[in-house]
Amino acid sequence: MSKQALIIPSMLLAFAVGLAACGGGELSLTEYMEQVDAAATTAGERGEELVADAAEMGDVAPSQLQAFLERSLGELRVPLQETVDELTPPDQLADLHERLWGWHAELIAVETTLASRVGGTEDTEAGWTALSDSPEMLAYRTTIAKGKQLCNGFQAELDAISDLGGFADAPWMPGELRGVVETALGCQWFPDHPEDIYRYPAP
């Protein structure tokens with residue numbers, strides 16, 4: 001598998017540091033916004049490190065792909081989820097926050113299973129084809145597609161909250177929050193065709 005197959009999924013790691021914040025009671029909208037803004041900066045830094053490492057690879061062996069997935073889990077996704085589980089968002093964003101991070105928890109489970117499956121893959125055409133067609137890979141692609149849908153629907157979610165008066169005390173919030181969260185979530189890095197992530201042979 002070529003290094004390009006790692007680049008796009010690694011960009012999704014920006015999602016893995018999306019709304020990190022310290023726990024300690026419900027946050028106000030402004031506090032929540034500040035936490036998201038800080039998380040976006042962290043996301044950029046960590047994502048760039050992983051992308052740079054992936055870019056240095058040549059053809060990727062199964063062991064390297066497994067190590068990459070395990071690194072994304074160990075360094076980003078799992079610690080982040082533990083942090084987010086301690087965060088209480090403002091009431092206006094509670095439902096959206098729960099769905100976004102419910103998805104993230106699902107991704108952790110699916111990616112963990114995929115990493116284990118990759119570990120048993122032979123570095124042959126038959127091995128990569130079997131991995132590409134495996135139930136574990138299908139679950140991973142399906143979960144990424146769901147995340148892309150959530151990301152793409154973020155503006156509609158904000159509009160709905162605004163219509164209910166959720167941002168009445170902070171009319172500037174939707175525009176600012178959208179820009180920062182989209183950066184933090186790495187919305188621009190979701191592939192056009194999630195069904196083709198780690199597809200072998202490449203379409």
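A nonpolar core here is a set of buried Ala, Val, Leu, Ile, Met, Phe, Trp, Tyr and Cys residues joined through side-chain atoms within 4.5 Å, where buried means under 20% relative accessible area with a 1.4 Å probe, protein chains only. The model is predicted, so local features need pLDDT of at least 70 and side-chain atom pairs count only at pLDDT 80 or more, while totals for chains, interfaces and linings use all residues. Residues are numbered from 1 along each chain as its sequence is written, and side-chain values use heavy atoms, leaving out hydrogens and water.

**View 1. The largest nonpolar core.** Welcome inside: this core has 23 residues, and those with the most contacts inside it are Leu65, Leu69, Leu114, Leu131, Tyr140 and Tyr198. Two or more residues each come from α2 (29-55), α3 (62-84), α4, α5 (125-132) and α6, with the largest share, 6 residues, from α4.

**View 2. Around Leu69.** Setting aside residues up to four places away in sequence, Leu69 touches Glu111, Leu114, Ala115, Val118 and Tyr198 (contact means heavy atoms within 4.5 Å).

**View 3. Helix α4 beside helix α6.** The axes of α4 (residues 94-119) and α6 (residues 135-152) come within 9 Å and cross at roughly 155° (axes are lines fitted to C-alpha atoms over the stretch in contact, with angles from 0 to 180 degrees between N-to-C directions). The pair is therefore roughly antiparallel, a label for angles over 145 degrees. Residues making the contact include Trp103 and Leu107 of α4 and Tyr140 and Ile144 of α6.

**View 4. A second core.** Finally, look for a separate core of 18 residues that includes Leu29, Leu93, Leu96 and Leu158.

Conventions: Helix = DSSP H or I, 4+ residues; strand = E, 2+ residues; numbered from the N terminus. Parallel < 35°, antiparallel > 145°, perpendicular 65-115°, else oblique. Buried < 20%, exposed > 50% of the residue type's maximum accessible area, 1.4 Å probe, protein only.
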